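User: Could you take me through this structure, starting with its pockets?

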Amino acid sequence: MAKTVLIGVVTDLHSPRCHQILDAATMPGKTVALQVSKPKGFKYRSGQYVFVQCSQLGWMEWHPFTLTSAPDDDYLGLQIRASGDWTEAFYNLIQDRLRGRPASDSGFPDIERGLSQTAGAVPGKPKALPFPSLRLDGPHGAPAQRWQNYEVVVLVGAGIGVTPCASILRDILNNMQKDGLQESPTAGEQGARAKSKSCKTQRVFFCWCTRDRDEAQWFKSELESISQIDTAGYLDIDIHITSVESGQPLCNLLKIGQISSHQVHGRDVMTGLQTRFITKFGRPQWPDLLAKAASALPAGQDTVGVFCCGPHTLGKHLGKACKSMSKSDQWPAKFDFHEEQF
């Protein structure tokens, strides 16, 4: 969630407190990714959001942003795109603070990143200025947090609306590592999938729509890690680059190059991701995606949870497909549609 909101008074129920920025990175699409200190006892569910205040930009302004970290992570993750006066000023502020900082050795995105406030300056360069402190109010509930209520889930994100999906993907990754799903002796066999002990959800279909292939780098480490660990086929990943229309001659040439490169190097030439999935072109065909999800329902289950995080137009088309296919003659499954607009 990244809508601009102005709030003069914040309720005491959530006790907003000061948080330190531990690490930061500038990413494609005029976006900054942050790792923020997580206070002891701070609990939340993947998909929830917080209100953020930066006193250097005005103490009365609080803006909502979805947490991109998972509940088990030892930090709070935020991803903020410059799309208005406040976010533009915040992006410039973080970019300014990143100058003169050494490269990070952490697992943070490998794109122009900085270190914590205690990091020393790069020799021969001016001492880096400290990151600003932030105040957070939350967490607050959001539609995407209900994903664990379903055995089969469809997650759809567009642009910066992918942030709730990022939190859920990190949560899935942590659960898979905790449960040891990658060690299943029957991995990859239909009907013999490993069962997660950490949540009800047993199959996830993730669809990310973006106009810019560089934005696929936002969650490169999470997507690659999940692909390597998920030998049991728990997660399906579809990344659609909508700026290239499917069926065009250029698209057909790109597909040939993609397949050849992936077979040799195991890497998608469009996004640079080293996963078992290849980027697709054009807009998703929602009936096909929903049908695939419905066919993955285990015996005795008839409901698929569909979560859409993006612009209203995206939700309108996907919601219409869910309504038309629910309990139809062809598909006896029900598609529970949840929308969060960005």
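This is a predicted model: local features need pLDDT of at least 70, side-chain atom pairs count only at pLDDT 80 or more; totals for chains, interfaces and linings use all residues.

Analyst: Residues are numbered from 1 along each chain as its sequence is written, and side-chain values use heavy atoms, without hydrogens and water.

User: How much space lies in the largest pocket?

Analyst: About 390 Å³. A pocket is an open set of points on a 1 Å grid over the protein atoms alone where a 1.4 Å probe fits, with protein on both sides within 12 Å along at least five of seven lines. The volume is the space filled by probe spheres set on the points, which are joined across faces, edges and corners.

User: Which residues lie nearest its centre?

Analyst: Cys209, Thr242, Arg283, Pro311 and Leu314, out of 15 lining residues; lining means having an atom within 4 Å of a point. Helix H6 gives the largest share, three residues; helices are DSSP runs of H or I with at least four residues, and strands are E runs of at least two, numbered from the N terminus.

User: Changing topic, why is strand S3 largely enclosed?

Analyst: Six of the seven residues of S3 (31–37) are buried, so the rest of the structure largely encloses this strand. Buried means under 20% relative accessible area (1.4 Å probe, protein chains only).

User: Which strand joins S3 over seven bridges?

Analyst: Strand S6 (75–81), running antiparallel to S3; pairing requires at least two DSSP bridges. Serine 37 stands opposite tyrosine 75 there.

Definitions and conventions: Buried means under 20% relative accessible area, exposed over 50%, partly exposed in between (1.4 Å probe, protein chains only).
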